[in-house]
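These are my notebook entries on one protein chain. I looked up its features one by one and wrote down what I found.

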Amino acid sequence: MTGTVATPHILMVRSEGIPNEIKTYRAWILWKCARAGNKWTKHPFDARTGRKASSVDSRTWSLFEEVLEAYEAGDYDGIGFMFSTGDPYCGVDLDDAVNPETGEVAVWAEQIIEGLDGYTELSP
């Protein structure tokens, strides 16, 4: 790959848009963007320790309030919810669903979003 690699677009967390029901689970992490070769990736962190969080170790996950407080302190790029067999939720990642220049959502993605009838967010 030649040329420059764009930095990820970081979104501000708007906690009022997140359903209160999922805020009650101890399944929240912080994340920081980092480069892995020519690609940006999100590295998870434990809000209580500041160490890396694990996708398979729920002891490294925190309450929503703990994560939000750490995020607002300014050292992290975002927050995330860790889906597990211990919660009734699922997540669907729709890559390339939004035109980055216009913000328009692709028709195929709109159909999936409407069919799921749940909480939807745009992630970096």
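**Entry 1: helix H3.** I began with a cut-off: a residue counts as buried when its relative accessible area is under 20%, and as exposed when this area is over 50%. With this in hand I turned to helix H3, which has 10 residues. How many of them are buried? I found that the number is 1, so H3 lies largely in the open. I also noted that the model is a predicted one.

**Entry 2: the residue after H3.** I next looked at Asp117, which lies in the segment after H3. The phi of Asp117 is positive, near 50°, in a residue other than glycine. Is Asp117 buried or exposed? It counts as exposed, because its relative accessibility is 70%.

**Entry 3: another positive phi.** I recorded Asp96 as well, which is in the loop between S3 and H3. Its phi is near 60°, again a positive value in a residue other than glycine. Asp96 counts as exposed because its relative accessibility is 75%.

**Entry 4: confidence.** I looked up the pLDDT of the protein chain and found a mean of 86, with 90% of the residues at 70 or more. Over residues 1–11, however, the pLDDT is below 50. In the model this stretch has 17 contacts beyond near neighbours in sequence.

**Entry 5: the strands.** I then asked which way strand S1 and strand S3 run. S1 (residues 28–36) and S3 (residues 78–81) run antiparallel, and 4 bridges join them. Within this pairing, Ile29 stands opposite Gly80 in S3. S1 also runs antiparallel to S2, here with 7 bridges. The hairpin of S1 and S2 has 2 residues between the strands, and in this hairpin Gly37 takes a positive phi near 70°.

I wished to know where the residues of S3 point. In a regular strand the side chains alternate between the two faces of the sheet. In S3, I found Gly78 and Gly80 pointing one way and Ile79 and Phe81 the other way, and all are buried.

**Entry 6: Lys32.** I followed Lys32 from its strand pairing to its surroundings. The bridge partner of Lys32 in S2 is His43. Which rings does Lys32 lie over? One of them is Phe45, with Lys32 over its face at 5.2 Å from the ring centre. The charged end of Lys32 also sits over the ring of Tyr76, 5.0 Å from the centre of that ring.

**Entry 7: the aromatic rings.** Tyr25 counts as partly exposed because its relative accessibility is 26%, and Tyr89 counts as partly exposed at 21%.

I then examined the rings of Phe81 and Tyr89. Their centres are 6.0 Å apart and their planes are at 80°, so this pair is edge-to-face. Phe81 is buried, with a relative accessible area of 14%. Which residues form the aromatic cluster? I listed Tyr25, Trp28, Phe64, Phe81, Phe83 and Tyr89 as one cluster.

**Entry 8: Ser62.** My last entry concerns Ser62, in the loop between strand S2 (39–45) and helix H2 (64–72). Why does Ser62 count as buried? Its relative accessibility is 0%, and the cut-off for buried is under 20%. I noted a polar contact of 3.4 Å between the side chains of Ser62 and Arg48.

Terms used
Residues numbered from 1 in each chain as written. Heavy atoms only, no water. Buried < 20%, exposed > 50% of the residue type's maximum accessible area, 1.4 Å probe, protein only. Polar contact = N/O pair within 3.5 Å; in protein donor to acceptor, adjacent residues only side chain to side chain. Pairing = 2+ DSSP bridges. Phe/Tyr/Trp six-rings, centres within 6.5 Å; stacked < 30°, edge-to-face > 60°. Lys NZ or Arg CZ within 6 Å of the ring centre and 35° of its normal. pLDDT = per-residue confidence, 0-100. Contact = heavy atoms within 4.5 Å.
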